[in-house]
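This report describes selected strands, helices and loop residues of one protein model. The sequence and structure are shown first, and the description follows.

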Amino acid sequence: MALFNFGKKKEAPKAPTCSCSGGCAPRESTEVDKIGDGEAAKGVFSVKVLGAGCKNCHALLEATKEAVKNMGLGVEVDYVTDMEKIMEYGVMSLPALVVNEKAISTGKVLKADEVEKLLRKLGF
């Protein structure tokens with residue numbers, strides 16, 4: 001008797017796409033609706049911008065740096081361009097904003113005040 005496996009094949013993860021798609025046109029936002037329970041980190045606080053190096057990714061990086069500075073948080077904003085590392089976060093469109101290793105916004109260039117609003121929603 002032969003045994004057959006009719007289960008789904010595992011698909012390789014797709015590489016994230018930059019929101020500029022070569023022409024720097026903005027993409028639809030896929031912000032996480034439920035960011036958290038307003039609980040701020042008690043110790044280490046990390047902020048990262050994931051991007052491919054296009055102008056939209058750099059714009060989010062600068063807006064995030066400005067927001068962090070305006071809020072007086074005193075943390076370094078990291079810029080991650082390594083696609084293997086970006087794929088570990090499970091984001092499928094760039095740029096993406098990651099706070100404490102959780103993607104809170106993808107596929108949208110946020111302004112500094114929008115980044116501040118998201119950080120305050122997280123309790124920072």
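Two strands are taken to pair if DSSP finds at least two bridges between them. The model discussed here is predicted.

**The β5–β6 hairpin.** Strands β5 (residues 96–99) and β6 run antiparallel and are joined by 4 bridges. Within this pairing, V98 stands opposite A103 in β6. The two strands form a hairpin with 2 residues between them, and N100 in the turn has a positive phi of about 50 degrees. Strand β6 covers residues 102–106; 4 of its 5 residues are buried, so β6 is largely enclosed by the rest of the structure.

**Helix α1.** This helix comprises 17 residues, 55–71. At 1.5 Å a residue it should span 24 Å, and the separation of its end C-alpha atoms, 24 Å, agrees with that expectation. The buried residues of α1 are N56, C57, L60, L61, A63, T64, A67, V68 and M71. G72 follows the helix, and its phi is positive, near 70 degrees.

| Residue | Location | Phi |
|---|---|---|
| N100 | turn of the β5–β6 hairpin | about 50 degrees |
| G72 | following α1 | near 70 degrees |

K111 lies in the loop between β6 and α3 (112–121). Its relative accessible area is 57%, and because exposed means over 50%, K111 is classed as exposed. The C-alpha atoms of K111 and A67 are separated by 8.5 Å, although the two residues are 44 residues apart along the chain.

Conventions. Residues are numbered from 1 along each chain as its sequence is written. This is a predicted model: local features need pLDDT of at least 70, side-chain atom pairs count only at pLDDT 80 or more; totals for chains, interfaces and linings use all residues. Side-chain values use heavy atoms; hydrogens and water are left out. Buried means under 20% relative accessible area, exposed over 50%, partly exposed in between (1.4 Å probe, protein chains only). The expected span of a helix is 1.5 Å times one less than its number of residues.
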